[in-house]
Amino acid sequence: MKILYASIKRELRVLVSRPLYLIMMIVVPIAVSLFLIDLMRDGLPLQTPVGLVDLDHSSLSRRMVRNLDSSELIRVVSDDDGVHEAMNRIKSGEIYGFFYIPSNFEQETLAGKSPTLSFYSNMTYMIPGTLSFKGFKTTAVTTTAGIVSAKLTATGVEPGVVGSLLQPVVVQDHPIGNPWLSYAIYLCNSFIPGVIGLLVMMITVFTIMSEIKNGTSIGWLSTAGDSMIVALAGKLLPHTVIFTAVGWCCQAIMFRFNHYPLNCPEWHIMIAMMLLVMASQAFAVFICELVPNFRLALSGVSLIGILSFSIAAFSFPVESMYGAIGVFNYILPVRWYFLIYIDQALNGIDLFYSRFYYIALLVFLLVPLTGLGRLRTISRDPVYLT
């Protein structure tokens, strides 16, 4: 116990000796959390800038444009003379799509023909592209329904019957877990833990490999009584406490102050955050054992941490990924935290059904045991390789 206490004291001196540690461990994750939560405070981006190509300039097309501009999802910022000009605006990033009204649209509509309304959305940017598509489609559908309703009424069909013909089945949508359809509830609870996991891995690699790079690993190991387990425990325990406290602070900002849905006891998600921190540390230690090179190990965990934002299925389901890519989500600690969040905070199911996800995070703690001997040998005879 005295040896462990001495190792912890040594690491605490290291932490306070370099402001970089406290900045990366406290300031950065909280700042990122506040930034993302403030960015998504409206729930989803509104007033996506779009363009218009109106070649008809009739009363009907002007009414469509007013309906288009009244949507809360999109905002018409340009009126172009042709498709080529609108496409150039999309390529330059000025707009995320445009609505196309062909010439003679009103004339063909009144003549009983079937003119075509077109809309183009830039799906390279998923959220604004999807919102612009939704706004365009809503305007097109309501316009078509209005025209059909006017024609049926003119032929003598009762207004009540017209409504049942246009919409014979009324669909009531009740989203479970996120009835507000807020992007903030989903994305902030995905990206913020992802950022914390990334920082944990980077700091863990940095602090371990710095000992080897600077040749202080001999003293580090000696303080721990030549025990690699005690050395790692003494070095990483202060990090665990700090990162866990910061993670709980971020969760408090989301669940307590911004009232994101939390349909489970608070300790369920708090334990998940603590296990995420510990699992990310264990994963980083394993990378240090596998690749005992400062530059390569740090680059490796940085790459894995960044890729986890897509491979961990935050925005794209694993079932739709290529098998060779989707299989990697099982080795990402943040993936299991995400599944716990979905089950516990959003769906509020019994803890029993999420037990395997908690166990998966605990399994990560056993992975570094496979390379302790290799890390101990390197720490005894540190050789820095560029």
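This is a short exchange about how terms are applied to a predicted model.

Trainee: What makes helix 10 roughly perpendicular to helix 16?
Mentor: The axes of helix 10 (residues 228–257) and helix 16 (residues 372–380) come within 10 Å and cross at roughly 80°. Angles of 65 to 115 degrees count as roughly perpendicular, under 35 as roughly parallel, over 145 as roughly antiparallel and the rest as oblique. That makes helix 10 roughly perpendicular to helix 16.

Trainee: Why is the pair of Phe98 and Tyr120 called stacked?
Mentor: Rings pair if their centres lie within 6.5 Å; planes under 30 degrees apart count as stacked, over 60 as edge-to-face and the rest as tilted. Here the centres are 4.7 Å apart and the planes at 20°, so the pair is stacked. Phe98 is in strand 3 (residues 97–101) and Tyr120 in strand 4 (residues 118–121).

Trainee: Why is the pair of Trp336 and Tyr357 called tilted?
Mentor: The centres are 6.1 Å apart, with 40° between the planes. That angle falls in the remaining class, tilted.

Trainee: How do you know whether Phe98 is buried or exposed?
Mentor: Buried means under 20% relative accessible area, exposed over 50%, partly exposed in between (1.4 Å probe, protein chains only). Phe98 has 0%, so Phe98 is buried. Trp336, at 14%, is buried too.

Trainee: What makes Tyr120 partly exposed?
Mentor: Its relative accessible area is 36%. Tyr357, at 22%, also counts as partly exposed.

Mentor: On the basis, local features need pLDDT of at least 70, side-chain atom pairs count only at pLDDT 80 or more, and totals for chains, interfaces and linings use all residues. Residues are numbered from 1 along each chain as its sequence is written, and side-chain values use heavy atoms, leaving out hydrogens and water.

Conventions: Axes fitted to C-alpha atoms, helices over the stretch in contact; angles between N-to-C directions. Helix = DSSP H or I, 4+ residues; strand = E, 2+ residues; numbered from the N terminus. Phe/Tyr/Trp six-rings, centres within 6.5 Å; stacked < 30°, edge-to-face > 60°.
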